Amino acid sequence: MNALRATLAFLQRILLPARPGALYDRQLVVLGFSLMAVGLVIVASASIPEGIALANDPFMFVKRHGLFLVMAIGISWFVLQVPMARWQQYNGPMLLLAILMLVLVLLVGRSVNGSVRWLPLGPFNLQPAEFGKLALFVYLAGYLVRRQNEVRERLIGFMKPMAVLFLVAVLLLAQPDLGSVVVMFVTSLGMLFLAGARMGQFIALILVGVSAVVTLIIAEPYRMRRVTSFLDPWADPFGSGYQLTQSLMAFGRGSWLGEGLGNSIQKMEYLPEAHTDFVFAILGEELGYLGVLGALLLIFALAYKALKLGHQALVADKLYEGYLAIGIGIWFSFQTFVNVGAASGMMPTKGLTLPLVSYGGSSLIIMTVAVSMLIRIDFELRQASAQARVREVA
């Protein structure tokens, strides 16, 4: 009973409007929980046919998703207790752990649809690539603080983190997972740019990166099929363009107001991966353009809050917190762009989740941890500001 009262009191404090003297940003908390709620509802709807087909249980996937949510919130509670100084102190070991996990998944990982991306841990499959993203950005934020002058003035300062990214990228491409590599590359470039690296270095690296992506696409027939089907999915609507054409049909059926929650036709075994990579298409079919717009506003409001928080931290001379918050903001916004772009036919399919919405335990937990870090950064900024005011009064 006491635990129930404590939980209700905690939720009440979260859902109340933010006060000027609050110790944390309640808007961040509400945005995070709102996206989780949207994800739970849409995954519940989109996964019913798949659950019946696999285990004769329409709620199979939503039960798992609910368990992942509980795990994510529990882990995030512990993350909120960790000072940002600890993340800065142990960013190197965290990256080494991520690299070790990426090596381990290639040796003993579980293969699904030709990709070896998951480490089986009993009933739970861990995807090291998700942890690798967070670990890389945590490390890069620490590197930019330690080597700020070197990054701005010398080529070697720019190339060192690129060498680390290259190592991680090689391990990811061996799975293969090109989507995560692209997200890491873009986010790392954004963090380096804001740290003051020279423009000429960026132009050269972007050219190299684009050339490498084109080469990787040409080298693998399945990637080439994705690109050609993206350019004209209707040329082969029952072959290479099948997934995209079904996704476009879902958006078309949704129109402005949608078919109504639970009334999707495309989820009835027509659209593959309806509850994971293409959950946004089902959201569009059932909730329409207004539902799509609402979900995007929630995600980009969260990304905007992260970027704004990063700017505030940099102004307050908390460089590590500032770089990390900006990195998380870029990560969330770009991954959303890629997922939505793939579902709507603006980009080739990349196999990336929609942050805090798509089904997937590893992605959900890591994204929740990232939001918890933002809340912790905001808490420490508010705490420092309050202490400064007390000293002024004294």
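The structure is a predicted model, in which local features require pLDDT of at least 70 and side-chain atom pairs count only at pLDDT 80 or more, while totals for chains, interfaces and linings use all residues. Residues are numbered from 1 along each chain as its sequence is written, and side-chain values use heavy atoms, with hydrogens and water left out.

Side chains of opposite charge can pair when their charged atoms come close. A search of the whole structure identified 10 salt bridges, a salt bridge being a side-chain nitrogen of Lys or Arg within 4 Å of a carboxyl oxygen of Asp or Glu. One of these joins K133 to E130, with 3.5 Å between the closest N and O atoms. The two residues are separated by about one helical turn because they lie three residues apart in helix α7 (residues 128-146); helices are DSSP runs of H or I with at least four residues, numbered from the N terminus. K133 has a relative accessibility of 0% and therefore counts as buried; buried denotes under 20% relative accessible area, exposed over 50%, and partly exposed the range in between, for a 1.4 Å probe and protein chains only. E130 is likewise buried, at 4%.

A salt bridge also links D378 and R382, whose closest N and O atoms are 2.5 Å apart. Both residues belong to helix α16 (residues 361-393), where four residues, about one turn of the helix, separate them. D378 is buried at 6% relative accessibility, whereas R382, at 24%, is partly exposed. Elsewhere, salt bridges with shared partners connect R147, E150 and K160 into one network. R147 is partly exposed, with 39% relative accessibility, and E150 is buried, with 13%.

The loop between α13 (242-254) and α14 (279-315) contains W256, as well as Q266. W256 counts as exposed because its relative accessibility is 57%. Together with L257, Y289, L290, L293 and L297, W256 forms a nonpolar surface patch with about 680 Å² of accessible area. Such a patch consists of residues with over 30% relative accessible area and no salt bridge, its nonpolar side chains (Val, Leu, Ile, Met, Phe, Trp, Tyr) being joined within 5 Å. Accessible areas come from the Shrake-Rupley method with a 1.4 Å probe, and for residues only the protein chains shown count as cover.

By contrast, Q266 is buried, at 5% relative accessibility. Residues up to four places away in sequence being left aside, Q266 touches Q246, M249, A250, R253, L271, I282 and E285, where contact means heavy atoms within 4.5 Å.

How values were computed: Patches are made of residues with over 30% relative accessible area and no salt bridge: like charges are joined within 9 Å, nonpolar side chains (Val, Leu, Ile, Met, Phe, Trp, Tyr) within 5 Å.
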